[in-house]
Every structure is written in C-alpha cells, then in structure tokens.
Amino acid sequence: MKGAMMMRPDPVTISQRLRALHIPNQRDTEIERQLRRLLQHDEHGQPTAVPCRFTGEKETRGIAVIEPAGGGKTTAIRRVLEASTALSRNPSTGQPRFLALEVPSPATLKGVGATILGALGMPIVPQKCTEVEIWHAVRHRLGQAGITVLWLDEAHDLLMAKSISETESSLRMIKSLMQGPNAIIPILSGTQRLAEVLGLDPQVSRRFTKIVPADLQHGADEEGLKGLIQHYCSKAEMSMSLAEDLPARLITASRHRFGRAVEAIINAIECALWDGATMLTSDHFAEAWAMQEGCSPDDNVFLSRDWLSIQLDRGAAEYEEARKRRFQKKLERV
C-alpha cells in the first residue's frame, strides 16, 4: 500500500542473512597463499588447474589445516576453493576441479574410498572390492573428472584408526594420491589429532604444509571483535550498547575460537530480534549463551562477576586426556 511503512524482515530471515555472510580473516589469506604456491602459474602469473610437481617432477604436495572445532577452518577452506578461478570450473565437465568431502563415520579407508567414488559418479562399490582396488579406482576416477584438489574434512577421524597398522595404511594411501599421472593436491582439515597422526610418518608429514590458525587473544583481539559485532549489527539494522568487557567475555565464551565467536554474535542478535529489540545488549549475549550451554547464571560467562574462573568443557578435556593416553599405548605396542 502506497505510503505504508515497509515491515522489517522476521528474525529468521535476518539470522539466515547474517549466517550467509563470510568475514575473511588470516585463515583465508594463508590457505589461499598455500594453495596458489601448489598450482602452476601461466605466463601472466595466474594460477592454473595444474598441480606443481616436486622431487624431480614426481609428486605433488598437500595442505593440512589444523584447528580445534569451531575455529572456522571449514568455512575458510570452502570459500577459498569456491573463489579460485583456476578450480571453479572444468570446461570439459562443467564441474569444479576440486572435490570436497567430510570423512564418513565410521571412518575406514575402504569406506572413505567408496564415498569418494560415490561423489565421482560410482554410487555402488561391490562388497568384494579390496582397499587396493577401491583406491586404484579412486585415482582413476579423479583423473577422469579432472580433479586437482581433494579436500577431506575431519580427516583425523580417518587417520585415528583402531590400530597403528590401519593408520599407516591410510597415510600411505594419501601419499599415493600425490604420485603418478593423476596426482592431486590433498587438503586435510581436522583438529590437533591430525597433526599428531601426520607426525607418525615423517615422509608423509614433510609433504604437507601445516596451517595452524592462532586463537583469539584477550587484549589483542578485543577491538577487532567489537568492530565485528558492529558490522553484524549494521547488517541487522540494529544499534548496540555493550559492557566494556563484553569482547573479553566473548573470547572466553567462544573458547578463543573465531568461528564460535561469530556464531555467538549471531545468536545474540537473533535473541534480540525475537525480543523485538532494536539495540543489542550484553543481556542478549547472556541469553543466547545460556541456551547454547544449558548453564546456570553463576556459570554464565556473560553474567558472572568471576567469569574468568569458570571452567569450560571440563568433561571434554578429561576425555581428550584419556584419548591421548590410549593413543600413546598404541604407539608403545608397535
């Protein structure tokens, strides 16, 4: 109706728009830089879809992106691959020259190979096929599809096998993807466990450039986070009135991880929108974090006076220590 005020989009629509935004940071820059150095360049200095060869032109190299869950590595890798003009489209197939897969669960070498074949147009793999046969088919199909980069997310799940022999087999298979006529650039992403397992085989480890993004730090990153909150508020057409220590509390609440901090900001804005507010406050962060964590007010980082003493993820830390002990015992049995 002419002259009528336009209604503001509903909270769900605004939240979806915010989650679709991507804030480039040092992760993106470093991943893009390492990817570019592993691709051959044309006469104009632009990367092509042809991998560089090393060790007497015999093999390619890979990238391992190592960061705790919630850091933002998965989003950064996906954005870099999608933005790469060299990898965005194969004119022969109309498809990208990269293949992105999350390691399936339970993670076995045979299962991962079958998943890759499924993504390459071979959905049914005969049960009688051996690991060697499946991965021979993987290399053949990757070459047929003109794939330059194979990205395996949550790669630690594949490499943290039930036995050291299985882990060694997985490492050897990944190494084989970097050799021969259809050699590709593997990108592995995962938690610190990925670094631990790659370290078991120096020959495989030296073939991977390691990218380990830095955690958010109190003091150094607080002003940047404040600007990030302001950016998201402007996109949601909101103002903000936050306590001075809100960015510091946000760093702690997000476990010092960039991706979690972004998620917490969007969740807080969503709470404000559902409340009908036009101004984001610290209370909205407290509300969103309580819903996410299921904690009491005394254990809420955004409410407690003694918030720095709150122990987060105590159970997860104990589990991780137990896992490391089990893994060490495996090594001792070799």
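Modeller: Let's begin with asparagine 267, which sits in helix H12 (residues 258-274); helices here are DSSP runs of H or I with at least four residues, strands are runs of E with at least two, and both are numbered from the N terminus. Keep in mind that this is a predicted model, where local features need pLDDT of at least 70, side-chain atom pairs count only at pLDDT 80 or more, and totals for chains, interfaces and linings use all residues. Residues are numbered from 1 along each chain as its sequence is written, and side-chain values use heavy atoms, with hydrogens and water left out.

Asparagine 267 counts as buried because its relative accessibility is 14% (buried means under 20% relative accessible area, exposed over 50%, and partly exposed in between, with a 1.4 Å probe and protein chains only). Leaving aside residues up to four places away in sequence, asparagine 267 touches Arg19, Ala288 and Gln292, where contact means heavy atoms within 4.5 Å.

Most residues other than glycine have a negative phi. With 12% relative accessibility, arginine 255 counts as buried. Now compare glutamate 57, in the loop between strand S2 (47-51) and strand S3 (62-66). Glutamate 57 has a positive phi too, near 65 degrees, but at 58% relative accessibility it counts as exposed.

Next, the aromatic rings. The structure holds 2 aromatic pairs: rings of Phe, Tyr and Trp (its six-membered ring) pair if their centres lie within 6.5 Å, and planes under 30 degrees apart count as stacked, over 60 as edge-to-face, and the rest as tilted. Phenylalanine 285 is buried at 1% relative accessibility, and phenylalanine 302 is buried at 7%.

The other pair brings in tryptophan 289: with phenylalanine 302 it makes an edge-to-face pair, 6.2 Å centre to centre and 80 degrees between the planes. Tryptophan 289 is in helix H13 and phenylalanine 302 in the loop between H13 and H14, 13 residues apart, and their pair links distant parts of the chain. Tryptophan 289 is buried as well, at 6% relative accessibility. Put together, the ring pairs link Phe285, Trp289 and Phe302 into a cluster.

One more thing to look at is a pair of helices. The axes of helix H5 (residues 131-144) and helix H7 (residues 164-177) come within 11 Å and cross at roughly 25 degrees (axes are lines fitted to C-alpha atoms, for helices over the stretch in contact, and angles run from 0 to 180 degrees between N-to-C directions). That crossing angle makes H5 roughly parallel to H7, since angles under 35 degrees count as roughly parallel, over 145 as roughly antiparallel, 65 to 115 as roughly perpendicular and the rest as oblique. On the H5 side, Trp135, Val138, Arg139 and Leu142 meet Met173, Ser176 and Leu177 in H7.
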